[in-house]
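Welcome! Here is a short tour for anyone meeting this structure for the first time. Please keep the sequence and the 3D view at hand while you read.

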Amino acid sequence: MAAVAGVTGPAGGAGEATAPVRVLIVDDDALVRAGLSMILGGLPDLRVVGEAADGGEVPAAIAAYAPDVVLMDIRMPRVDGLTATEALRARPHPPEVLVLTTFDADEQVLRALRAGAAGFLLKDTPPAEIVRAVRRVAAGEATLSPTVTRTLIDHVTAAAPGRTGPDPRRERALRLLDGLSERERQVAVALGQGRSNAEIAGELFMSVATVKAYVSRLLTRLDLNNRVQVALLVHDADLA
């Protein structure tokens, strides 16, 4: 199959041999599945191993194809992608999930991110960006910058009615963040403010490698999957 225009293989030295990233596509639209298969299927480091047309088919597809990354549509007629993502991320050693949506500010997307999705892609995302997103997720990185996460949160919460009384989510977030060291807390708040690793390094007088180590430590201590969830936690605590 011919490569998609603007999409190239990963950089790597001669003789390097790594197994292709295994991708499962879950979408009720056959044309969307075909388009994504075409985009991803012509690259040596990515392999579309299977497709599913509904969230209810995901458990069997995971067992059959053992994907590394799942491209998950949010809106499907029987079992939606949110329900499927929550169930999938609750499994031991789950694959990473990239949510597919037609909206960039949607409460269901926010819920999927809280459940552990590594990010989201709009269905009109250019092919080269889709490929980069899949590669980043497979490498253990979120495909959604904290800045975009903040925009999403602000849009959704602005449309929500005002809260009164105790807020269990805020109380939980504050409790978790109070258990961090001062430096860990500073890094967490910076993530919630949309700072990149390089920006955090400059502000806190650290090396980028040290910032990455702190982010990894935060994920372990807070029992979270990615930096997007750290940003969400900081937002819940009203610290960003």
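**V211 and its surroundings**

Leaving aside residues up to four places away in sequence, V211 is in contact with N197, I200, A201 and M206. Do keep in mind that this is a predicted model.

**More on V211**

- V211 is part of helix α10, which covers residues 208-222.
- The relative accessible area of V211 is 0%, under the 20% cut-off, so V211 counts as buried.
- One of the residues it touches is I200; the C-alpha atoms of V211 and I200 are 7.1 Å apart, and the two residues are separated by 11 residues along the chain.

**The protein as a whole**

- You will find 11 helices and five strands in the protein.
- The protein has 240 residues, and 45% of them count as buried.
- Consider the contacts between residues at least 6 apart in sequence: 69% of these join residues at least 24 apart.
- The protein has an accessible surface of about 12,000 Å², and carbon and sulfur atoms account for 53% of that surface.

**Where α7 meets α11**

- Helix α7 spans residues 168-178 and helix α11 spans residues 227-236; their axes come within 8 Å and cross at roughly 115 degrees.
- Angles of 65 to 115 degrees count as roughly perpendicular, and α7 and α11 are therefore described as roughly perpendicular to each other.
- The crossing in which α7 passes α11 is left-handed.
- On the α7 side, the contact involves R169, R170, R172, A173, L176 and L177, while α11 contributes L233, V234 and D236.
- Sorted by type, the residues of this contact between α7 and α11 are five nonpolar, four charged and no polar.

**Where α1 meets α5**

- Helix α1 (residues 30-41) and helix α5 (residues 127-138) have axes that come within 10 Å and cross at roughly 75 degrees.
- This pair, α1 and α5, is therefore roughly perpendicular too.
- L36, I39 and L40 of α1 make contact with P127, I130, V131 and V134 of α5.
- What types of residue make up the contact of α1 with α5? There are seven nonpolar residues, with no polar and no charged ones.

**Q229, a residue of α11**

- Q229 sits in helix α11.
- Is Q229 buried or exposed? Its relative accessibility is 6%, so Q229 counts as buried.
- Not counting residues up to four places away in sequence, Q229 touches L113, R114, A115, G116 and L224.

**Two aspartates with a positive phi**

- D223 is not a glycine, yet it has a positive phi of about 60 degrees.
- Look for D223 in the loop between α10 and α11.
- With 69% relative accessibility, over the 50% cut-off, D223 counts as exposed.
- D238 is not a glycine either, and its phi is positive as well, at about 60 degrees.
- To find D238, go to the segment after α11.
- The relative accessible area of D238 is 47%, so D238 is partly exposed.

Technical notes. Residues numbered from 1 in each chain as written. Predicted model: local features only at pLDDT ≥ 70, side-chain atom pairs only at ≥ 80, totals over all residues. Heavy atoms only, no water. Helix = DSSP H or I, 4+ residues; strand = E, 2+ residues; numbered from the N terminus. Buried < 20%, exposed > 50% of the residue type's maximum accessible area, 1.4 Å probe, protein only. Contact = heavy atoms within 4.5 Å. Areas by Shrake-Rupley, 256 points an atom, 1.4 Å probe, with all protein chains shown as cover. Axes fitted to C-alpha atoms, helices over the stretch in contact; angles between N-to-C directions. Parallel < 35°, antiparallel > 145°, perpendicular 65-115°, else oblique. Left-handed = near helix turned anticlockwise from the far one by under 90°. Nonpolar A, V, L, I, M, F, W, Y, C, P; charged D, E, K, R; others polar.
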